[in-house]
Amino acid sequence: MIALVAGRSLSQYLPLLLGGIPVTLEVTGMAIVLVVIFGFLFGLGRSSRSILLRLPSGLLVEVLRGSSAIVQLFWAFYVLPFLGVDLSPLTAGVLVLGLNGGAYFSEVVRAGLASVPHGQIEASVTLHLSPWYRFRRVILPQSLPVMVPPFGNALIDMLKFSALLSLVTIHDLAYRADAIGSVIPTPGPVYGITLALYFAMALGLSAIVSVIESQVNRWAGRAVRARRPFARTAGPVPRWAFPGR
């Protein structure tokens with residue numbers, strides 16, 4: 001637990017506050033990995049022709065999207081131990097964030113898959129390409145660039161929603177800010193600094209997503225606007241068209 005003494009100034013607690021940044025970024029990183037995994041699983045399930053995959057995926061997505069993330073977090077941390085499932089605060093929090101975010105991201109995946117012209121899929125079936133090869137060489141290169149910008153939104157959402165884990169004693173940035181604000185005479189500055197830190201982390205993550213988007217567009221063969229005169233841009237032939245590249 002964080003031991004705080006009343007009467008100290010904010011400058012004395014500043015190192016303690018900054019120590020919550022790695023925890024927040026760690027939670028965000030682990031959660032976004034689960035968001036992508038669950039998003040693709042739910043999205044592919046809802047896009048499947050089999051009702052045995054489409055129905056459970058759709059039901060799970062609607063339950064996760066239609067219920068409060070805070071209630072889900074409390075269920076995972078406080079209720080599941082009574083059912084014999086004892087999760088650590090970090091495991092419960094990351095799992096809830098991953099499932100909840102994955103339910104929303106699954107719609108992005110489903111829309112990206114649906115954006116591929118059906119004629120191209122029919123042509124690949126006519127050429128007797130295997131389902132995995134069709135997905136890897138025809139569907140994914142065309143749908144993935146559509147998914148990257150919403151992925152950036154999901155990443156920023158995970159950064160903000162990570163503050164919910166302070167409710168289950170995760171010592172992230174929000175938890176430390178609330179603890180420090182409760183013992184100093186004027187809590188306003190600590191929350192102002194916390195707001196600025198979240199904003200700075202969001203800007204950094206946005207820059208990372210911009211790099212990912214540029215690389216994905218280049219890999220998929222989409223033209224990239226040159227940032228300076230005579231700069232090289234992506235060619236008309238995508239890299240995935242050459243298996244050896």
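Because the model is predicted, local features need pLDDT of at least 70 and side-chain atom pairs count only at pLDDT 80 or more, whereas totals for chains, interfaces and linings use all residues. Residues are numbered from 1 along each chain as its sequence is written, and side-chain values use heavy atoms, with hydrogens and water left out.

A nonpolar core is here a set of buried Ala, Val, Leu, Ile, Met, Phe, Trp, Tyr and Cys residues joined through side-chain atoms within 4.5 Å, where buried means under 20% relative accessible area, exposed means over 50%, and partly exposed covers what lies in between (1.4 Å probe, protein chains only). The largest such core has 49 residues, and those with the most contacts inside it are Leu 17, Ile 32, Phe 105, Leu 173, Ile 180 and Val 190. At least two residues of this core are supplied by each of helix H1 (10-18), H2, helix H4 (69-79), H5, H7, helix H8 (173-181) and helix H9 (188-220), the helices (H or I, at least four residues) being DSSP runs, as are strands (E, at least two), numbered from the N terminus. H7 gives the largest share of this core, eleven residues. A second, separate core has five residues, including Phe 38, Phe 42, Val 61 and Ala 103.

Ser 57 is itself buried, with a relative accessible area of 11%.

Side chains of opposite charge can pair when their charged atoms come close. With a salt bridge defined as a side-chain nitrogen of Lys or Arg within 4 Å of a carboxyl oxygen of Asp or Glu, the count comes to five salt bridges. In one of them Arg 46 pairs with Glu 62, the closest N and O atoms being 4.0 Å apart, and this pair links distant parts of the chain, with Arg 46 in helix H2 and Glu 62 in helix H3 (residues 51-66), 16 residues apart. Arg 46 counts as buried, at a relative accessible area of 19%, while Glu 62 is partly exposed at 40% relative accessibility.

Another salt bridge joins Arg 110 to Glu 107, with the closest N and O atoms 2.8 Å apart; both residues lie in helix H5, three residues apart, about one turn of the helix. Arg 110 is partly exposed, with a relative accessible area of 31%, and Glu 107 is partly exposed at 22% relative accessibility. Together with Arg 65, the residues Arg 46, Glu 62, Glu 107 and Arg 110 are linked in a network of salt bridges. In helix H7, Lys 160 and Asp 157 are likewise three residues apart, about one turn of the helix, and form a salt bridge whose closest N and O atoms are 3.7 Å apart; Asp 157 is partly exposed, with a relative accessible area of 28%.

The next feature is open space. A pocket is an open set of points, on a 1 Å grid over the protein atoms alone, where a 1.4 Å probe fits, with protein on both sides within 12 Å along at least five of seven lines, and its lining residues have an atom within 4 Å of a point. The largest pocket has a volume of about 660 Å³, a volume being the space filled by probe spheres set on the points, which are joined across faces, edges and corners. Its lining comprises 17 residues, of which Ser 47, Arg 49, Ile 121, Arg 134 and Ile 139 lie nearest the centre of the pocket. Helix H2 (20-47), helix H5 (89-114), helix H6 (118-126) and helix H7 (131-161) each supply at least two of the lining residues, and the largest share, five residues, comes from H7. The lining divides into ten nonpolar, three polar and four charged residues, with Ala, Val, Leu, Ile, Met, Phe, Trp, Tyr, Cys and Pro counted as nonpolar, Asp, Glu, Lys and Arg as charged, and the others, Gly among them, as polar.

Two loop residues deserve a look at their backbone. His 128, in the loop between H6 and H7, has a positive phi of about 60° although it is not a glycine, and this residue is exposed at 72% relative accessibility. Thr 169, in the loop between H7 and H8, has a positive phi of about 70° and is not a glycine either; Thr 169 is partly exposed, with a relative accessible area of 40%.
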